[in-house]
Structures are given as C-alpha cells and as structure tokens.
Amino acid sequence: MSMRDGLGRSVSADAQETQLPRGWDREADVIVIGAGATGLPAAIVAREAGCSVILVEAEPDIGGHAIASGGNVPLGGGTRVQQQYGIEDSPDLLFRDLTDWSVVGPNGFPDYRYNDREIIRAFADNSVDTFEWLVAHGVVFVDKAPDALGGTSVGNSVPREMHCAVMDWPMVQTGMPADPSVQKTRSSGNGLMRPLEVAAKKAGVEILLEHRMTRIHRQAPNAGPVLGIAVDHKGAKLDIRARKAVIIGTGGSTGNVNFRRMFDPRLTEEYCGLAGMPWSDQDASGELAAMAIGAALWGLYNQTGEFGANVTKPGSIGCQYNYRNLQWMPGSRVFDRARATGLRVANWQNVILVNMLGRRFYDETGGQFIANNYNSLDPYVPGSYLNAKNLKYEPNNFLNAALAGIDDGHNGGGPIWAIFDSEAVARENWRPTPPHVDLAAGFFFSANRLADLAEKIVMRYQRQPMPPANLETTVARYNSFVDSGVDEDFGKPQPMYKIATPPFYAAWATPVVHDTRAGLRINAGCQVIDMNGALIPGLYCGGESAGGFSQHGLARATCQGYIAGKAAAAAPPLEASI
Ligand SMILES: Cc1cc2nc3c(=O)[nH]c(=O)nc-3n(C[C@H](O)[C@H](O)[C@H](O)COP(=O)(O)OP(=O)(O)OC[C@H]3O[C@@H](n4cnc5c(N)ncnc54)[C@H](O)[C@@H]3O)c2cc1C
C-alpha cells in the first residue's frame, strides 16, 4: 500500500509505523540534538560551512555536562602549544597511544584494547585542527605547558592535556564568576562552553532551548534516510525536517537505569548521584531514538572495563549529587534540584562506610578504579608484552565491594552511608546543616545514639531498615581497631579515630555514575551504522552517545562534533539518496 510521507513522497506501509509527520513545523539543512561538547561544535562547523542549522537542547540553558566539567582537554597530535613547549607529538603517536593493547591497569584491565581503530584514527587526524578551531572560536586555554594531570591522560606517552580558562563567565556551579585572581588559571568547562555559545549565535545557529528530541524520523523503520526529528517543547510536539543531516550529541546514557544496566546489572536505581546532573540529564534518548530506526551499539567493553570514571567514589557526602569534582552552590540555577552542597571529605579516616545493614565492606581510604596508569608503567614500552608482565598487580575493589549488595537476592549494593561523630565534624570543619546537607530528601541523618541513628535512616533507596544492633556492633568493633591500630576486617591502614562523641551522623556516600563510554556505532566520519553494518543515511553521532572510544570526555566530544559538523555539511541533500 502506498502512502505519502512528511515530504509528500510515496512510501511503503512500513513508513507509517514510524509515525512520520503529515507535515513539518520547521526545517533546516542540519539538525543538531544537544548543546553540549559535541553539539555546539557540530552546529557551528555546519553553519559556517553554509548550512542552516537548528540546534535543539532539552534544558533551559546550553552546556550539558561539558559546562559543569573541569575543562581539561587532551587534544594532541602536535598542537601549537605542544610545539611551543618542545613536546614532540604527532597524529601517529596519538593513534598509537590510544590503541596500545598493552596498556593494562594495576587491576588487570586494559584501557585501549577494544578501541575502534577507525574512530581513533579520525580523532588522531583531527585533534590538532579541533584545538585550533576551539581557539579560533573564543576558547582561552590556560597559558602553560600541556600536562597529564587529569583522568584524560591515561596511556598518553607525551603530555597533551590543556585547560580551558574560566575567564569571567558566571559559573553554572555557583552562579558567579570565579575570583578575578584565578580567572586565567582555573580550568573549567564554563570557559569552554560559553565562548562556543557566543560563537554559535554569532554564526547564526538557531538554538531552541527546552526542545527535547523524542524521535528520529526515518523513511522506513530500517530503511532509507533520516528525515528529521520530533521534539517536545513544554508539552507541544513539533516535527523538524532535516534536509541534509541529523547529528546526535545527547551525551550518553548514565541517567537511564534500564539502559545502563544493559552494561552493568548492578547499577540499579540507588545510583542517583550522577556527575553533571541536575544541570543536564544523560537519559539515553539519542541512543534509543537511533536504535528505534536500526542503529547498532558499539565497543561495549569500554563501559564495563574497570578503569577510568564510569563509576566513581563520591567526593562529598550527605547530598545526592556527590561527584568529587563538582559541588552545586546555592547561587546555581539548579540548586533547587541539587538541594545541598554536600560535605567534602578531606580524609576518609574521619568516617566509616557501612552498607544498608550497617556493616562495613572495605577499607574506607580505598580508591576508585585507576584513571591515569601510564605513570604506573615504568618503563612503558609501547606495544610490549612487558608492560603487563612488569605491572604490579594491585586489585582495586572498593567500588566492587560497594556495589556487591547484601546477599538478599537483589542487584545493586544499596545505599552506602558514611558514619561519623561530632569530633569528625570538627576535624573536617564541616557544617552538618542545610544547605550543606540534604535532610529533606533523606540523604543525611543525625542522632545522639547510634541505635537511634540507624532507626532514623528511612529513605527511598533504603529498602531494608538498618538493624540498630548492627550499627552499634560495627562501630564498637571499629573503635577496637583504633585501639589496636589494626583493622582486622578490611586492612584500613592504622584506623585513626574512634566514633564515640555524639551527635552521630549518617551521610549518603553511595558511588556515583559518571562516564558513558559505549554508545552508537559510528564510522570515522561519525556516521551512524545499523545492525547490519550499513550506514543510516543522514544520521551522525559523537561524544558520549557514540561508542568505540575509551576516553574521558571533552577531547573526544569536541573533536567528534567537529568531524560530524564537517561531514554533515559536505553531505548531499537527503532526497538524493531516496
Ligand atoms: C563534573 C564533570 C567534570 C568533568 N570534567 C572533565 C574534564 O575535565 N575533562 C574531560 O575531558 N571531560 C570531563 N568531563 C566529561 C565531559 O564533560 C563529557 O564527556 C562531555 O561533556 C560529553 O559531551 P557530550 O556532547 O557527549 O554530552 P554533553 O556535554 O553532556 O551534552 C549533551 C547535551 O544534550 C542534551 N540532550 C540530551 N538529550 C536530549 C534530547 N533528547 N533532546 C535535546 N537535547 C538533549 C543535554 O541536555 C546536554 O545539553 C566531566 C564531566 C562532568 C560531569
């Protein structure tokens, strides 16, 4: 049976199942979904190449996780700044580093073995250009030699990481500019994304805020080109036609519990301390919309390998959004949703960590998975079997123990609580009251007796009451370890402080979900590929929603946005491929 699609063309009955629109509300050459580290570069590049561009963003402001990020960008391959500081780098060296099968972490997990060579080659070849492009579009980098400070430098054999200066942009974390004395030296994602927003507007990119993509229209469910997207704008549905391309830059899937559990069944609902949220969500909407029209996923090991920041130890306690490098302050536009700043932990000797049943599970000073293991390979010989052979095997199982659960048949480890007393509060200089802690939503409790504290812990994710006797026994046993100087249960080095002086506190300290490193299958040109290995004409993706590239964040996203924007602009009109 023949029907007409939204462009008035004749299509098969299959097309009707895709709910193609009867007409289009808007149209542009290129539609970009998501105004983050991928989407803004993609939109600007396509616009400057002569395309009309509509950029839809679900949130009321641009930026995505990128604007809340640390702004550390490991673009290398021989940038001008690397040359200036005598650092010898090249696209070939960058490619070799990011595909070196022999880089293995101290817990035995390889970082790069499963990277897609085609995708990494494209990154290596476009890295210098992306850096120059960012500078040309207003991003100011801190004036110093590239380094290897951040988690993005894993396996890098030369320093590549540069840092976006925050300048005088009001920061999304505080609502205020940084102190003038540090504006040129502090690295921040605000210093990356605000200049790109200005550049996008100047170039004539049309940015539609509070427009959430809900569907990607394709001619038929598994055939033909993409035609456009559907968006939700405050409850109203709009259909926007793309004449050349749709670019997905929606930022990954960590906020979608069902989606993330395809990679790791342990990551159940209680892992609600999502880095970068509540500024923007990573709800897998890009992946799901593309999968609904046939797209494949790619490089799934990169999501589950025990390296980097896919899951992290919290840095703050007593609040929901407790990623170690991000604190939301009362001046932030999203503070009503973040609800508390959290208490930063300077010394994990000041607390014990217990599970839902009030039992310790690991040495509290233990860390998360290693994120910069190049320096732990000494000597590092590229591609050599000796790298793994000479590595001192040091399993790092804090997170695995936290996620292990309580033997009740459920997936997920349940809440983890930091338990401490008033002397710890004094040592850490904490203020255990709102807005520093989140009492109202049940992420912080206090009581004068440990038994009462356990009974008070009632909140959404505490699916079993904490037996008061358990908490009392746990604390008494821990205090005996402080006396003896030996943690007989978990080997915490020299337990230092008893928990003995009321009031006592229980603060949310559950691990945080952070990076998405597995997503849609793309090729070197960031074109999305389907389950049969065929291109989906007109569909592109980059950043955390794309798979095949194990690297933390901004370099991957900005570079793939740059590649996708160029490729989309150069693509023929979509009708030509029908
Ligand atoms: C606290 C923190 C610190 C970090 N620090 C660093 C660092 O120093 N260095 C580094 O390299 N990386 C860092 N990262 C990671 C880096 O920020 C991300 O990897 C990067 O921003 C990913 O880019 P993206 O374009 O894929 O997604 P994002 O930048 O998150 O952008 C995605 C955008 O898409 C929008 N969106 C999602 N779904 C829809 C939809 N259906 N319709 C419309 N819009 C939608 C979102 O609202 C968002 O604005 C950090 C991240 C965080 C959270």
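Helices and strands here are runs assigned by DSSP, at least four residues long for a helix and at least two for a strand, and they are numbered from the N terminus. Counted that way, the chain in this predicted model has 17 helices and 22 strands. Its radius of gyration is 25 Å, close to the 25 Å that the globule rule gives for 578 residues, so the chain is as compact as a globular protein of that length.

## The whole chain

Let's start with the big picture. Along the principal axes, the C-alpha atoms fill a box of roughly 80 × 55 × 45 Å. Of the 578 residues, 61% are buried. What about the outside? The chain exposes about 21,400 Å², and carbon and sulfur atoms supply 52% of that area.

Take the contacts between residues at least 6 apart in sequence: 74% of them join residues at least 24 apart.

Now zoom in on strand β22, which covers residues 535–541. Is β22 mostly covered or mostly open? It is mostly covered, with five of its seven residues buried.

β22 pairs with strand β10 (residues 236–248); the two run parallel and are joined by three bridges. If you want to find this pairing in the structure, look for Ile247, which stands opposite Tyr540 in β22.

Strand β21 (residues 527–529) also pairs with β22, this time in the antiparallel sense and over two bridges. Here Ile529 has Leu535 of β22 as its bridge partner. β21 and β22 make a hairpin with five residues between the strands, and in that hairpin Gly533 takes a positive phi near 85 degrees.

Is Gly548 buried or exposed? Its relative accessible area is 0%, and buried means under 20%, so Gly548 counts as buried.

Which residues does Gly548 touch? Leaving out residues up to four places away in sequence, its contacts are Asn115, Asp116, Ile119, Ile120, Trp298, Gly299, Asn302 and Arg517. Arg113 is 435 residues away from Gly548 along the chain, yet their C-alpha atoms are separated by 11 Å.

## A covered helix

Helix α2 (residues 39–48) is another mostly covered element, with eight of its ten residues buried. Among the buried ones are Leu40, Pro41, Ile44 and Val45. After α2 comes Gly50, which has a positive phi near 105 degrees.

## Salt bridges

The structure holds 29 salt bridges. Three of them are set out here.

| Pair | Closest N to O |
|---|---|
| Arg243 and Asp29 | 2.9 Å |
| Lys498 and Asp483 | 2.9 Å |

Arg243 is partly exposed, at 25% relative accessible area, whereas Asp29 counts as buried at 15%.

Arg212 is partly exposed, with a relative accessible area of 32%, while Asp283 counts as buried at 19%.

In the Lys498 and Asp483 bridge, Lys498 sits in the loop between α16 (468–484) and β18 (504–508), Asp483 sits in helix α16, and the two are 15 residues apart. Lys498 counts as partly exposed at 35% relative accessibility, and Asp483 is exposed at 57%.

Some salt bridges share partners: Glu27, Asp29, Arg241 and Arg243 are joined into one network in this way.

## A nonpolar patch on the surface

Finally, have a look at the surface. Which residues form the nonpolar patch there? Trp101, Tyr385 and Leu386 do, with about 310 Å² of accessible area together. Tyr385 lies in the loop between β15 (352–354) and α12 (386–390). Exposed means over 50% relative accessible area, and Tyr385 has 55%, so Tyr385 counts as exposed.

Notes. Residues are numbered from 1 along each chain as its sequence is written. This is a predicted model: local features need pLDDT of at least 70, side-chain atom pairs count only at pLDDT 80 or more; totals for chains, interfaces and linings use all residues. Side-chain values use heavy atoms; hydrogens and water are left out. Patches are made of residues with over 30% relative accessible area and no salt bridge: like charges are joined within 9 Å, nonpolar side chains (Val, Leu, Ile, Met, Phe, Trp, Tyr) within 5 Å. Accessible areas come from the Shrake-Rupley method with a 1.4 Å probe; for residues, only the protein chains shown count as cover. A salt bridge is a side-chain nitrogen of Lys or Arg within 4 Å of a carboxyl oxygen of Asp or Glu. Buried means under 20% relative accessible area, exposed over 50%, partly exposed in between (1.4 Å probe, protein chains only). Two strands pair if DSSP finds at least two bridges between them. The radius of gyration is taken over C-alpha atoms; the globule rule is 2.2 Å times the number of residues to the power 0.38. Contact means heavy atoms within 4.5 Å.
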